[in-house]
Amino acid sequence: SRRDRRREPAQPGVPGGVTSQIIGGTPLRIDHKDVGCIVGDRYPRLDACFEPKNELGNAKVLFRAGDASPWYAVDLMPEGGCHVAYLPKPLEATKEIQYYVAAVDKAFNARQQPETAPETAYRARVVRNQGDCDRLKAVAMSVKKLAQPIVVAAGRTGAGAPPPLGALLVGFSQEG
């Protein structure tokens, strides 16, 4: 029928998360609490949960150092009831990391948090010690050593093009 072919109206957002109306299905929701600080000599850990879980196809964290660096991506991997990604360690000269969470559901509907990314991604200040972070901002969980290497994919340059092949991670340690 005609009614079945029409897209249902979008449902209102859920506090603390982002929703998307999936054609013929259930809205995909990303639940990620942004971090304001990252300890620089560690591998930052970012978490996100997705609802409904059985609709998630793929999820990534896209990140970069500062405003002009290319974007890189790491997969969010299932852990417990949610997903986790570790980023490379920021270099000592890196003062800020921008990032956002992107997901695609099984029907290939894309969603990201914040919705306005990459133009207005989350910004996390890189600090040398956890105590250097503003008490009102969340500090990313982190580890000194990783059990497995981080697989980083090329994202895109600020102009939207992919970075050159073989390019080094700008603003991040190659270690790990």
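A residue counts as buried here if its relative accessible area is under 20%, as exposed if that area is over 50%, and as partly exposed in between (1.4 Å probe, protein chains only). By this rule, 43% of the 176 residues of the protein are buried. The structure is a predicted model, in which local features need pLDDT of at least 70 and side-chain atom pairs count only at pLDDT 80 or more, while totals for chains, interfaces and linings use all residues. Residues are numbered from 1 along each chain as its sequence is written, and side-chain values use heavy atoms, with hydrogens and water left out.

The protein holds 1 helix and 13 strands, taken as DSSP runs numbered from the N terminus (helices: H or I, at least four residues; strands: E, at least two). Read from the N terminus, the order of elements is α-β-β-β-β-β-β-β-β-β-β-β-β-β. A contact is a pair of residues with heavy atoms within 4.5 Å. Of the contacts between residues at least 6 apart in sequence, 68% join residues at least 24 apart.

Rings of Phe, Tyr and Trp (its six-membered ring) pair if their centres lie within 6.5 Å; planes under 30 degrees apart count as stacked, over 60 as edge-to-face and the rest as tilted. This rule gives 4 aromatic pairs. In one of them, Phe63 and Tyr72 have ring centres 5.9 Å apart and planes at 45 degrees, so the pair is tilted. Both Phe63 and Tyr72 are buried. The rings of Phe63 and Phe172 have centres 5.1 Å apart and planes at 85 degrees, so this pair is edge-to-face. It links distant parts of the chain, with Phe63 in strand S5 (residues 56-65) and Phe172 in the segment after strand S13 (153-154), 109 residues apart. Phe172 is buried, as is Phe63. Through ring pairs, Phe63, Tyr72 and Phe172 form a cluster.

Pro114 is buried, with a relative accessible area of 15%. Leaving aside residues up to four places away in sequence, Pro114 touches Tyr100, Thr120, Ala121 and Tyr122. Val101 is 13 residues from Pro114 along the chain, and the C-alpha atoms of the two are separated by 7.4 Å.
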